[in-house]
Amino acid sequence: MIDPHTIAAVMTDLGEPPYRARQVYEALARGLAVDFEGMTSLPASLRRALAERLRPLSLEDMETLVAPRGSARKTLFATLDGHPVEAVLMTYAKRATVCVSTQVGCAVGCAFCASGRLGLRRDLTAEEMVDQVLHFARSLRDAGRRVTNVVFMGMGEPFHNYDETLRACRLLNDESGFNLAARSISVSTVGVVPGIDRLAEEPLQLNLAVSLHAATDELRDRLVPLNRTYRLDEVFAACARYVRRTHRKVLFEYVVLRGVNDTDEQAQMLAARVRPPHYHLNLIAYNETGGDGEFARPRADQLAALHARLEAAGVSCTVRRSPGAEIEAACGQLALREVETDPQP
Ligand code: SAH
Ligand code: SF4
């Protein structure tokens with residue numbers, strides 16, 4: 001993907017009329033073009049001039065893993081400067097959701113997350129985020145389908161890379177480009193309070209998801225190091241401001257770690273905090289990431305019991321289907337493996 005402003009600037013440089021810039025941008029964002037060669041409505045000399053100055057693809061795809069039943073696929077990309085990036089496509093009967101990475105690694109370092117173990121290598125650009133989506137849009141197009149939803153829930157903390165994440169959302173949403181409805185785009189944060197406040201002021205009506213994982217500061221301090229900066233009360237106060245300002249719901253994500261955050265105490269505190277109608281809870285069974293075995297995935301009956309307990313306490317709550325578990329679709333895992341086998345530091 002190339003930002004339309006960049007295309008326009010290059011066209012001006014080349015002395016081309018503005019409609020040429022629109023043509024190229026539409027070929028990329030709507031036509032899903034991967035090079036200028038195929039843009040046969042442009043003169044050959046212009047195609048060559050563009051190819052010398054611009055690169056339509058910011059990522060190279062390296063490897064794709066497909067889940068046994070084919071409902072999820074995960075692609076490992078490399079940035080042009082050689083960093084691993086991953087994205088996941090989950091297909092359902094009517095939906096096709098792409099899970100996008102916003103950073104290479106993550107600085108937050110949650111105890112159970114493989115991305116955190118990488119540390120932060122660098123922020124991704126909006127183009128690199130959009131290219132993850134366009135990659136899957138191309139493979140879906142071959143099957144007569146399209147991307148219906150995008151979730152910023154891959155590697156990285158979107159609000160630690162706020163400007164580029166929002167630029168990616170605007171590019172995806174652009175009516176003259178990819179044209180994905182804002183209500184079909186979700187951004188997931190681990191609870192960066194200033195980011196939640198900024199999102200509330202955006203004209204773009206995106207969905208907000210907040211990763212909770214614990215309902216007391218004592219436990220959350222252990223699981224999510226950023227909780228020492230933004231305490232639970234502050235995160236919930238920011239969510240309340242967000243709801244007041246936008247009249248939109250907040251989705252809370254809760255990765256269930258067996259025997260750690262599925263206790264009666266946590267369930268009770270959780271039920272006190274996550275109240276309908278504006279708050280919804282999504283339980284996610286922990287994917288064992290091949291780390292040191294510190295955490296365990298809950299059994300299906302344990303997950304169902306927690307779900308039932310929370311619903312009985314009045315929480316609007318669902319259990320996330322995770323078609324990606326077999327192919328290590330939890331955030332950061334594939335790229336982590338790549339880095340661990342990489343002899344260069
Ligand atoms: N940094 C943001 C977005 C990326 S993480 C955030 O934390 O919200 C996206 C989701 O994947 C988070 O809810 C995260 O907790 C979850 N996740 C991370 N590691 C996981 C694992 N091993 N199993 C299941 N979910 C995991
Ligand atoms: Fe970063 Fe999110 Fe992983 Fe925590 S769960 S380390 S915030 S990517």
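Axes are lines fitted to C-alpha atoms, for helices over the stretch in contact, and angles run from 0 to 180 degrees between N-to-C directions. The structure is a predicted model, in which local features need pLDDT of at least 70 and side-chain atom pairs count only at pLDDT 80 or more, whereas totals for chains, interfaces and linings use all residues. Residues are numbered from 1 along each chain as its sequence is written, and side-chain values use heavy atoms, with hydrogens and water left out.

**View 1. The buried residues of helix α7 (residues 193-200).** Val193, Gly195, Ile196, Leu199 and Ala200 are the buried residues of this helix, where buried means under 20% relative accessible area, exposed over 50%, and partly exposed in between (1.4 Å probe, protein chains only). These residues cover an arc of only 160 degrees around the axis, which puts them on the same side of α7; the arc is that of the directions from the helix axis to the C-beta atoms. They pack against α6 (162-173), β8 (185-189), β9 (207-211) and α9 (232-246). Helices (H or I, at least four residues) and strands (E, at least two) are DSSP runs, numbered from the N terminus.

**View 2. The contact of α7 with α9.** The axes of α7 and α9 come within 9 Å and cross at roughly 0 degrees, and the two helices are therefore roughly parallel to each other, a term for angles under 35 degrees, with those over 145 roughly antiparallel, 65 to 115 roughly perpendicular and the rest oblique. On the α7 side, Val193, Ile196, Asp197, Leu199 and Ala200 meet Glu234, Val235, Ala238, Cys239, Arg241, Tyr242, Arg245 and Thr246 of α9, contact meaning heavy atoms within 4.5 Å. The residues of this contact divide into eight nonpolar, one polar and four charged (Ala, Val, Leu, Ile, Met, Phe, Trp, Tyr, Cys and Pro count as nonpolar, Asp, Glu, Lys and Arg as charged, and the others, Gly among them, as polar).

View 3. His307 is buried, with a relative accessible area of 19%. Not counting residues up to four places away in sequence, His307 touches Leu283, Cys317, Thr318 and Val319.

View 4. In the loop between α10 (264-273) and β11 (279-285), which holds Pro277, the peptide bond from Pro276 to Pro277 is cis, with omega near 5 degrees. Asn179, in the loop between α6 and β8, has a positive phi of about 65 degrees although it is not a glycine, and counts as partly exposed at 37% relative accessibility. His247, in the loop between α9 and β10 (250-256), is likewise not a glycine but has a positive phi of about 55 degrees, and counts as exposed at 65% relative accessibility.

Terms used: Chains lettered and ligands numbered in written order.
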